[in-house]
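This report describes the domains, sheets and ligand surroundings of one model. Terms are defined where they come up.

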Amino acid sequence: MYIKSIELINFRNYIDQTIDLNKDINIIYGNNAQGKTNIIESIFLSAMGKSFRENKEKNLIRFGENEATVVINYERNGKDNQIKVILNDNKIFFYNDIKQGRVSDIIGKINVVIFTPDDINIFKEGPQRRRKFLDMLISSLKPKYLYLLKDYNNVLDQRNFYLKEIKYNHKSEDLLDVYDEQLSSIGSDIYKYRKDYIEKIQKYISSFHSLITKSGKESIDIKYITTFKDKDSYKEDLKRKRKEDLDKGFTTIGVHRDDFIININNKNVATFGSQGQQRSSILSLKLSELNVIKDEINDEPVLLLDDFMSELDEERRTSFIENIEGNQVILTCTDKIDIKRDGQTFFIENGIVNRGD
Ligand SMILES: Nc1ncnc2c1ncn2[C@@H]1O[C@H](COP(=O)(O)OP(=O)(O)OP(=O)(O)O)[C@@H](O)[C@H]1O
Ligand SMILES: [Mg+2]
């Protein structure tokens, strides 16, 4: 699939801008704070139903305006399609002019893999960052998963609230059994999805790592870190930990604390890896993600590379680009760069996009 054009009306620093894109590679360059990431953000919004860097959707609307519109025209399986997002007090999605009831209805219409400078920190940050990576990947392919996460978090909030009620207001513990049952049931489904997708990544990560490091010397593997085994043992664990949970006022075990690690030569790259090994692992992880999506949708997702080049050296850049042939690439950078592939360059200045040479 590929994006043919983007129209931004009162979105961030854009007034009314149409950008016609190339099927292959699109290089958007310009100085800082000119609106490069805003473009990536608008595409992500249309693909995933939300921003990757902003929780307050109001902030996406151009200062002083009440409504923003993003229109993405794209081709998929030889057919033209359109996603339109209108942001005002609400967030409304249209697919080929038909209003969609829920955010999940548009997720997966456009498939993207996004790579931002922040991804470089995936190993340095806490488990939450890695769960976000995994959850985003799975949600983009399985809308049902999004509801599972939502339900799980609701029950978790209720259980945590109730733990405090028992502690401070001497409520009875009976209701905890109900929450434990719900948590273990939804948690079990989430666990299965995560386990499955970690295995899917594992299938690819080794071969990409060899390509990126240009040697077969290092072994690499991804490992799912969870206390979850199955529904029943989780229920028992929750019982066993009940006293501790009551003491602390929150639920200390469950899939909300899951994580994954990447090992190089059987050692956690987050702890023992060099800077270079960490970067190579991230590229291998991203390329694996790309291929997992490709397998699942039987099509090529669009690659969004925001400020991509800034964090990578020449050699890693080249090998990354070499390994993504076939996908439409939309990348932003501050300096005009030379990529050995057909493409279109755009120069961006203060929310105005011009075709470069
Ligand atoms: N709601 C908004 N209305 C108008 N302008 C906005 C809005 N939100 C952000 N901006 C402007 O958008 C610009 C930042 O855009 P963006 O993040 O795309 O920059 P960038 O080109 O990616 O820069 P960098 O190279 O530093 O990453 C800033 O000038 C900011 O003031
Ligand atoms: Mg930026």
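## Domains

The centres of domain 1 and domain 2, taken over C-alpha atoms, are 28 Å apart. Domain 1 covers 1–111 + 301–357 of the protein chain and domain 2 covers 121–298; such bounds come from an automatic or database domain assignment. Where they meet, domain 1 supplies 13 residues and domain 2 supplies 16 residues, with two residues in contact if their C-beta atoms, placed from the backbone, lie within 7 Å. Helix H9 (residues 314–322) contributes the most to the domain 1 side of this contact, with 3 residues. That side has 7 nonpolar, 5 polar and 1 charged residues. Here Ala, Val, Leu, Ile, Met, Phe, Trp, Tyr, Cys and Pro count as nonpolar, Asp, Glu, Lys and Arg as charged, and the others, Gly among them, as polar.

This is a predicted model, in which local features need pLDDT of at least 70 and side-chain atom pairs count only at pLDDT 80 or more, while totals for chains, interfaces and linings use all residues. Residues are numbered from 1 along each chain as its sequence is written, and chains are lettered from A and ligands numbered from 1 in the order in which they are written.

## Ligand surroundings

Ligand 1 is surrounded by 16 residues, the closest being Asn13, Asn32, Lys36, Thr37 and Asn38; a residue is near a molecule or strand if its C-beta atom, placed from the backbone, lies within 6 Å of it. By class, the shell holds 3 nonpolar, 9 polar and 4 charged residues.

## The six-stranded sheet

An open sheet of 6 strands runs in the order E8-E12-E13-E3-E14-E15, with mixed pairing. Helices (H or I, at least four residues) and strands (E, at least two) are DSSP runs, numbered from the N terminus, and two strands pair if DSSP finds at least two bridges between them. At the edges are strand E8 (112–115) and strand E15 (352–355), each pairing on one side only. The twist from one strand to the next averages 20°. Axes are lines fitted to C-alpha atoms, for helices over the stretch in contact, and angles run from 0 to 180 degrees between N-to-C directions.

E8 pairs with strand E12 (residues 302–305) in the parallel sense over 4 bridges, and Val113 has Leu303 in E12 as its bridge partner. Helix H8 (residues 275–297) packs on the sheet against E8 and E12, at about 170° to E8.

## The three-stranded sheet

E9-E10-E11 is the order of an open antiparallel sheet of 3 strands. E9 and E10 pair over 6 bridges, and E10 (residues 259–264) and E11 over 2 bridges. Asn263 stands opposite Asn268 in E11, and Asp221 stands opposite Asn263 in E10. In the hairpin of E10 and E11, with 2 residues between the strands, Asn265 has a positive phi near 50°. Helix H4 (residues 174–213) lies across E9 and E10 at about 165° to E9.

A residue is buried if 20 or more other C-beta atoms, placed from the backbone, lie within 10 Å of its own, exposed if 12 or fewer, and partly exposed in between. Asp259 counts as partly exposed because it has 16 C-beta neighbours inside 10 Å. Not counting residues up to four places away in sequence, Asp259 touches Pro127, Arg130, Arg131 and Ile225.
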